[in-house]
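I opened my notebook to look up a few things in this structure. Come along and check each entry against the picture.

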Amino acid sequence: MFAEDMRQMYEQYGFYDVVKAMSPERLFQFLRFRANFLKEELTELEDNIRNPEEIVDALVDLTVVAIGTLDLFEVDVNKAWKEVLRANLQKKVGEKVTRPNEFGFPDLVKPDGWVKPSHAGNYGLFEKLV
């Protein structure tokens, strides 16, 4: 759903054409711009941590920028999401001593033989940055 919504917006405003015309160096600069955009939205969240309106807005904006960046770089967002979910669902409940768990949620740890997510074949335009 989110990826399709982003696609609709980017098609409406012609973002794809702009990105497709970028050189590898320009793509790199654009990725840095998006990374800074994410930092800006995270700062907005941190600065407004007691304001429900701003919390929701910042969290949605973070999602929009992250998913939108993947989409603009021609990564199959749904495929990438499912691969990360697959790996996360293979984790087991345990104790991660390197991270405090003050809220009492189950810690998810990587069991023996755990296979990390692989996005091979789904790098989109990020391959041009290498």
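**Entry 1**

I began with Met9, which I found in helix 1 (residues 2-13). Helices here are DSSP runs of H or I with at least four residues, strands are runs of E with at least two, and both are numbered from the N terminus. Before going on, I noted that this is a predicted model, where local features need pLDDT of at least 70 and side-chain atom pairs count only at pLDDT 80 or more, while totals for chains, interfaces and linings use all residues. I also noted that residues are numbered from 1 along each chain as its sequence is written, and that side-chain values use heavy atoms, with hydrogens and water left out.

Together with Tyr13 and Phe15, Met9 makes a nonpolar surface patch of about 290 Å². Patch residues have over 30% relative accessible area and no salt bridge; like charges are joined within 9 Å, and nonpolar side chains (Val, Leu, Ile, Met, Phe, Trp, Tyr) within 5 Å. A salt bridge is a side-chain nitrogen of Lys or Arg within 4 Å of a carboxyl oxygen of Asp or Glu. The areas come from the Shrake-Rupley method with a 1.4 Å probe, and for residues only the protein chains shown count as cover.

**Entry 1: Aromatic rings**

How many aromatic pairs does a search of the whole structure find? I got seven. Rings of Phe, Tyr and Trp (its six-membered ring) pair if their centres lie within 6.5 Å; planes under 30 degrees apart are stacked, over 60 edge-to-face, and the rest tilted. Tyr10 is buried at 2% relative accessible area, and Tyr16 is buried at 14%.

Phe33 and Phe37 also have ring centres 6.1 Å apart, but their planes are at 50°, so I wrote this pair down as tilted. The two sit four residues apart in helix 3 (residues 24-47), which means about one helical turn separates them.

Next I looked up Asp71 in helix 4 (residues 52-72). Asp71 counts as buried, with 5% relative accessibility. Leaving out residues up to four places away in sequence, Asp71 touches Met6, Arg7, Tyr10, Tyr16 and Val77; contact means heavy atoms within 4.5 Å.

Val93 is in strand 1 (residues 92-94) and is exposed, at 65% relative accessible area. With the sequence neighbours up to four places away left out, Val93 touches Pro106, Asp107, Leu108 and Val109.

**Entry 2: The whole protein**

I counted five helices and two strands, in the order α-α-α-α-α-β-β along the sequence. The radius of gyration is 18 Å, well over the 14 Å that the globule rule gives for 130 residues, so the protein is more spread out than a compact globule. That radius is taken over C-alpha atoms, and the rule is 2.2 Å times the number of residues to the power 0.38. Buried residues make up 23% of the 130 residues.

Note on methods:
Buried means under 20% relative accessible area, exposed over 50%, partly exposed in between (1.4 Å probe, protein chains only).
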